Amino acid sequence: PKGGPSPNGGPDGEYQGQIASIQQIFAHFDHESTGKVRIDRVPDLITSLGRDLRLGKEVARQMSAGGTVDLVTFEEVVQKLKRVEETAPVEAEAETTTPLTLLKRLHAYRKRCESNGEYVEAQKARRKYEELRAKEEERQRRLVLQAQGHEMNEVEQAQKQQFLGFSAA
């Protein structure tokens, strides 16, 4: 849909936000302001997006068409990246979705941004890191409370059974 990210933060809004971030990073790799990036810079571009270098090399390999393509557009990179990620093995996808892994990636991305002098982007990464960390802490807290409640119910049931056993004797 037109109009940018959806207000509810759904998948389309999240994807649009990612595209805006990618465009900003792409501008750093833009070859002579042509709107294109050299194919040999695609792995660095993908790494700057917080993705794995192997993923970047695979995107570049697929886009190079056997060495006949030198420059590619932002849209071409995004589409190829999306296709390569969609065809990635399930094990890799499961690993990338763990909160701890996401926190590590955000932290590494923030450090990379700071070392490249991209302080606004680093600040965004820090805020997202703090938000994700707070959500993960709350989720862990709920899990502990849930486990404690379950344990308490088991203890109460055992005590009731013991009381009924003594009462029957």
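Where is serine 33 placed? Serine 33 sits in the loop between helix H1 (11-29) and strand S1 (36-38); helices here are DSSP runs of H or I with at least four residues, strands are runs of E with at least two, and both are numbered from the N terminus. I will come back to that residue after the overview.

This is a predicted model, in which local features need pLDDT of at least 70 and side-chain atom pairs count only at pLDDT 80 or more, while totals for chains, interfaces and linings use all residues. Residues are numbered from 1 along each chain as its sequence is written, and side-chain values use heavy atoms, with hydrogens and water left out.

The overview, then. The protein chain has seven helices and two strands. In sequence order the pattern is α-β-α-α-β-α-α-α-α. Of its 169 residues, 22% count as buried; buried means under 20% relative accessible area, exposed means over 50%, and partly exposed is in between, with a 1.4 Å probe and protein chains only. Taking contacts between residues at least 6 apart in sequence, 50% join residues at least 24 apart, where contact means heavy atoms within 4.5 Å.

Back to serine 33. Its phi is near 55°, a positive value in a residue other than glycine. For background, most residues other than glycine have a negative phi. Serine 33 is exposed, because its relative accessible area is 70%.

Next, helix H3, residues 53-63. Which residues of H3 are buried? They are Leu55, Gly56, Val59, Ala60 and Met63. These residues cover an arc of only 135° around the axis, so they lie on the same side of H3; the arc is that of the directions from the helix axis to the C-beta atoms. Arg54 and Arg61, on the other side of H3, are exposed. The cover over the buried residues of H3 includes helix H2 (42-48), strand S2 (71-73) and helix H4 (74-86).

One of those covering elements, H4, also has a described packing with H3. The two helices pack at an angle of about 115°, and their axes are 10 Å apart. Axes are lines fitted to C-alpha atoms, for helices over the stretch in contact, and angles run from 0 to 180 degrees between N-to-C directions. The crossing of H3 and H4 is right-handed: a crossing is right-handed if the near helix is turned clockwise from the far one by less than a right angle, and left-handed if anticlockwise. From H3, Leu55, Glu58, Val59, Gln62 and Met63 meet Glu76, Val77, Lys80, Leu81, Val84 and Glu85 of H4. That contact divides into six nonpolar, one polar and four charged residues. Here Ala, Val, Leu, Ile, Met, Phe, Trp, Tyr, Cys and Pro count as nonpolar, Asp, Glu, Lys and Arg as charged, and the others, Gly among them, as polar.

Also in H4 is glutamine 79. Glutamine 79 counts as partly exposed, because its relative accessibility is 39%. Glutamine 79 and valine 59 are 20 residues apart in sequence, and their C-alpha atoms are 9.8 Å apart.

Now the stretch that follows H3. Serine 64 lies in the loop between H3 and S2. Is serine 64 buried or exposed? Serine 64 counts as buried, because its relative accessibility is 15%. Leaving aside neighbours within four places in sequence, serine 64 is in contact with Ile39 and Val69. Isoleucine 39 is 25 residues from serine 64 in sequence and 6.5 Å away in space, C-alpha to C-alpha.

Serine 48 counts as buried, because its relative accessibility is 18%. Not counting residues up to four places away in sequence, serine 48 touches Ile25, Phe29, Tyr109 and Arg112.

Last, the pair H6 (residues 99-115) and H7 (residues 119-168). They pack at an angle of about 160°, with axes 8 Å apart. H6 is therefore roughly antiparallel to H7, a term for angles over 145 degrees, with under 35 counted as roughly parallel, 65 to 115 as roughly perpendicular and the rest as oblique. The crossing of H6 and H7 is left-handed. Among the residues making the contact are Leu102, Leu106 and Tyr109 of H6 and Ala122, Tyr129 and Leu132 of H7. The residues of this contact of H6 with H7 divide into 11 nonpolar, one polar and eight charged.
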